[in-house]
Amino acid sequence: MAWRTTTASSSTSSSLTNVVMSKIERVTGTSDAMTNACALLLCASVVGLVTLKLSRKMMMMSSSTSASERGGAEGDKVAGRRKPTTLRELKCPSGADGARVITFYYGTQTGTAERYAYTLVEDAQKRYGAKQVLARAIDCEDVKPDFCEEVLSSEKCAVFLQSTYGDGDPTDGSADFCRWLEETATDGRMPDMLEDMHFCTFGLGNRSYEHFNAAAKQVDKALTALGGKKMMKITLGDDDKSLEEDFEEFKEALWRQLEKTFQLKAEGEEGDFDVEKHSYMIKKEEDAEKVNELTKIRERKSFEMSRGSEIPTQAKPYACPIKSCKELHTGKSDRSCVHVEFDVSQCKGLTYEIGDHLGVFAENAPDVVDRVCKLLKVSKQTPMELVRRDDAPKSLLPVFPGPISVGIAVARYADVLSMPRKTAIKALASFATNKKEAKELEILAVDKAKYHAYIAEPHRSLLEVMEKFPSAVPTLGAFFGCVAGRLQPRYYSISSSPNDMTNGSGIVTATVAVVKHKTKTGRVHEGVCSTFLQNVREGDRVPVFVRKATFKLPKDAKAPVILIGPGTGYAPFRGFLQEREYLMKSKKEELGECMLFFGCRKEEHDYIYRDEMEKALSESVISSLDVAFSRDDPKKKVYVQDKIQMKAKDVYKILRSPNGAVYVCGDAKHMSRDVNRALLQVLQREGEYAIHEAEEIIRRLVVDKRYMKDVW
Ligand SMILES: Cc1cc2nc3c(=O)[nH]c(=O)nc-3n(C[C@H](O)[C@H](O)[C@H](O)COP(=O)(O)OP(=O)(O)OC[C@H]3O[C@@H](n4cnc5c(N)ncnc54)[C@H](O)[C@@H]3O)c2cc1C
Ligand SMILES: Cc1cc2nc3c(=O)[nH]c(=O)nc-3n(C[C@H](O)[C@H](O)[C@H](O)COP(=O)(O)O)c2cc1C
């Protein structure tokens, strides 16, 4: 029943295909980008021709749809919104017919800060009207260092929405902008550069990370040092709790402050969310068979293109065949962690280095798709296509390519397992036919305490809310426009080396811990992407792209290194070990000392890649292997940080050697902090340093890129 077995017999329809193709292209004005977009429905549609059933395997077939279509941050840079990018566009317009210009700058990795910026633009415009305010949004990525001074000093009122990533770093896109700000602020030569600018900052971060909102704090500090007038104290949004609520509070405080500082008067209420404007129009295709056939053609084209020298990106990922997927835990474990091999041999553009990340676009599980379609009262096979209205607000995401069946659209694009935003609840309320449900939803959408208690605190998902209020059936246009967010790609630290002596550069591997836990509402949350990857089989195609990282071994193979990676934190180190083996055996290089610290719960449950680690030790690819089992001894939990303490002398030697380097990968919430503390203690004990001296040594190692973290 899998699509692979039926593809060979489906060569009957090429002439039909051509007819359908040209017909729909005329209707939709299909561009190359559109054509490229539906990558992997190819085989699904072939089966669809025969059975018109969307099986699990079909759901697996993923597209090389652009991020704009998926609604990712990068995508918005590709299509959809017209963003200011030239110096002339970026500089604050002086006249603006007497209206006060308010610019919302954003630095984003996964699109939240961007969404907030556009929401603020719309709300400010609605609240104050065009006569009082001209609101605009600017992506910090587009303000190149050469432009920064001119652009920022032209501003009178600017709001900065800055996300923090990595280990307290700015987002990839805003890194240059933030660096410029910090350097200019620290050199102290322009303390009045921003004297005309009123500003404030909203940080997007997560308190569980060691450097909570570090990038936003840095931006706020630099703007102050450059003479900017701070309108209000920095707001530190916390994604660990409810960023949505923090943002709402910030927004209210911001309006009060703007009204006070600039004597603005609220004219309209941004509260009346216009569901219709935030919905797409839906073009319904009448013939499901034709849609499937068309999609098949597009996907084949796209796949053939990706096989060339093109570099897959988030905007245009590669529909990568799976080579294998195997369980790494033993049968005794009640959890799962899978080793997934992606066959990239046919995609010459996909290159990577050890330490890089693999971006993966997953799909919702079939039962989730079934439940959503049932709630939407629509058959999964219904073909549809999104169309943006002419007056669509800027915050409305670009359309994803169609025609497409509703089932596949829900599987690939709808984020239904995250908490619903307040605007989503407002939209649902407007569709509820049951008066009681409508009332309850309306209250939830406006009452902070109720939203907190019912949604944020128990982390209730959109799907749960829709199931609780079944009379609220949004149109497909509203569902994709303002009820469900877009499913985002997930990242995995690549666990192979392109120089692996067995597979070479043709295979990229990921080591994936399968997320499964009970939430406070009693629901079992199965991680979207990890569960999807757990179920992939040889030959399935999954859209992927590589994100470059700086987590690399020292250039000099002789430099001594310490690798600390419990659980899936071992992932990049598997690549490091393959690389060292290659250097030693093929390049005949002399290797420096390498201490590997690994940790898991029980030796007989989740000691993943044990054979490989032990082989590396026996062949001197690594010089020591210390494994901490946290649950083998019921009386004493042992973690990697304890093992580091036990090897304090050797660890100290590497920390204090002129070219030694430390690498930490895995859990950011506890492990990386505990390891940091252990390293400080080693320095204090073995080197007899005072705590502030030990901290300074660690700080210098970080600056010199000799203490690197890949934590999540
Ligand atoms: C740079 C980087 C490298 C990474 N490398 C690896 C790696 O090598 N291996 C690896 O296994 N992972 C890695 N990750 C993590 C990975 O990207 C995913 O976050 C992870 O696989 C979970 O994704 P998911 O879609 O399965 O789970 P999701 O569905 O996204 O859920 C993940 C978590 O979010 C919370 N959550 C989300 N929705 C709800 C809800 N409705 N109710 C309750 N809780 C909810 C839960 O805490 C849950 O555990 C990495 C992450 C980054 C950023
Ligand atoms: C890999 C990773 C690293 C992160 N690092 C930090 C961090 O160091 N400090 C912090 O406060 N938040 C951190 N965060 C949380 C994000 O900043 C937060 O989720 C934010 O809402 C993302 O906004 P964006 O969608 O605009 O990129 C991290 C998130 C991820 C996924």
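**Entry 1: the ligand shell**

I looked up which element gives the largest share of the shell around ligand 1, and E16 does, with four residues. Strands here are DSSP runs of at least two residues (E) and helices runs of at least four (H or I), numbered from the N terminus. The model is predicted: local features need pLDDT of at least 70, side-chain atom pairs count only at pLDDT 80 or more, and totals for chains, interfaces and linings use all residues. Residues are numbered from 1 along each chain as its sequence is written, chains are lettered from A and ligands numbered from 1 in the order written, and side-chain values use heavy atoms, without hydrogens and water.

I found 24 residues around ligand 1 (a heavy atom within 4 Å). Leu417, Tyr491, Tyr492, Arg523 and Ser530 are the closest.

**Entry 2: polar contacts**

I then listed pairs of N or O atoms within 3.5 Å. A nitrogen atom of ligand 1 is 2.4 Å from a polar backbone atom of Leu417. The side chain of Ser530 has an N or O atom 2.5 Å from an oxygen atom of the ligand. For Val528, a backbone N or O atom lies 3.0 Å from an oxygen atom of ligand 1.

I also noted the area: ligand 1 taken alone exposes 960 Å², and the protein buries 78% of that (Shrake-Rupley method, 1.4 Å probe). Strand E16 (490-493), strand E17 (507-513) and helix H22 (528-534) are the elements that give two or more residues to the shell.

Technical notes:
Polar contact = N/O pair within 3.5 Å; in protein donor to acceptor, adjacent residues only side chain to side chain.
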